[in-house]
Amino acid sequence: MLPFLYLIIDLLIVLFYVAAPWVLVARLNVKWPEWLKDGIVVVIVFVMWTGLALYLATQTILWLGLVP
């Protein structure tokens, strides 16, 4: 049961790292520059942020000792 609890906590940490900046930007009603309105730029930025967020989430999980 404990590994399952660790998995749930790990998924919540990853979800927070990936989604939090996008939610924050959406709530602030940021005016996007013209060059960011192109879809491919947004996809590239999202993929890069997701990779960084997964790394940060992994480091957080290891730092908290949430490994079975």
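Is Leu7 buried, partly exposed or exposed in this predicted model? Leu7 is partly exposed, because its relative accessible area is 43%, and the views below, all taken from a predicted model, begin with its surroundings.

**View 1. A nonpolar surface patch that includes Leu7.** Leu7 is placed in helix α1, and with a relative accessible area of 43% it falls in the partly exposed class. Together with Met1, Phe4, Ile8, Leu11, Leu12 and Leu15, Leu7 forms a nonpolar patch on the surface, whose members share about 780 Å² of accessible area. In general, an α-helix has 3.6 residues a turn, so residues three or four places apart point the same way.

**View 2. Helix α1, its kink and its buried residues.** Helix α1 comprises 26 residues and spans 36 Å between its first and last C-alpha atoms, a value close to the 38 Å expected at 1.5 Å a residue. At Ala19 the helix α1 has a kink of about 40 degrees, and this position comes shortly before the proline Pro21. The buried residues of α1 are Tyr6, Asp10, Ile13 and Val18.

**View 3. The edge-to-face pair of Phe16 and Tyr17.** The count of aromatic pairs in the model comes to 2, and one of them joins Phe16 to Tyr17 in an edge-to-face arrangement, with 6.1 Å from centre to centre and 70 degrees between the planes. Phe16 counts as exposed because its relative accessibility is 56%, whereas Tyr17, with a relative accessible area of 23%, is partly exposed.

**View 4. The tilted pair of Trp22 and Phe46.** The ring centres of Trp22 and Phe46 lie 5.6 Å apart and their planes meet at 50 degrees, so this pair is classed as tilted.

**View 5. Ala57 beside Tyr17.** Ala57 is placed in helix α2 and counts as buried because its relative accessibility is 0%. Although Ala57 and Tyr17 are 40 residues apart along the chain, their C-alpha atoms are separated by 6.5 Å. Tyr17 itself is partly exposed, at a relative accessible area of 23%.

**View 6. Lys31 in the loop between α1 and α2.** Lys31 is placed in the loop between α1 and α2, where it is exposed, with a relative accessible area of 73%. From Lys31 to Ile44 the separation is 13 residues in sequence and 19 Å in space, taken from C-alpha to C-alpha.

Technical notes: Residues are numbered from 1 along each chain as its sequence is written. This is a predicted model: local features need pLDDT of at least 70, side-chain atom pairs count only at pLDDT 80 or more; totals for chains, interfaces and linings use all residues. Side-chain values use heavy atoms; hydrogens and water are left out. Rings of Phe, Tyr and Trp (its six-membered ring) pair if their centres lie within 6.5 Å; planes under 30 degrees apart count as stacked, over 60 as edge-to-face and the rest as tilted. Buried means under 20% relative accessible area, exposed over 50%, partly exposed in between (1.4 Å probe, protein chains only). Patches are made of residues with over 30% relative accessible area and no salt bridge: like charges are joined within 9 Å, nonpolar side chains (Val, Leu, Ile, Met, Phe, Trp, Tyr) within 5 Å. Accessible areas come from the Shrake-Rupley method with a 1.4 Å probe; for residues, only the protein chains shown count as cover. A salt bridge is a side-chain nitrogen of Lys or Arg within 4 Å of a carboxyl oxygen of Asp or Glu. Helices (H or I, at least four residues) and strands (E, at least two) are DSSP runs, numbered from the N terminus. The expected span of a helix is 1.5 Å times one less than its number of residues. The bend at a residue is the angle between axes fitted to the seven residues ending there and the seven starting there.
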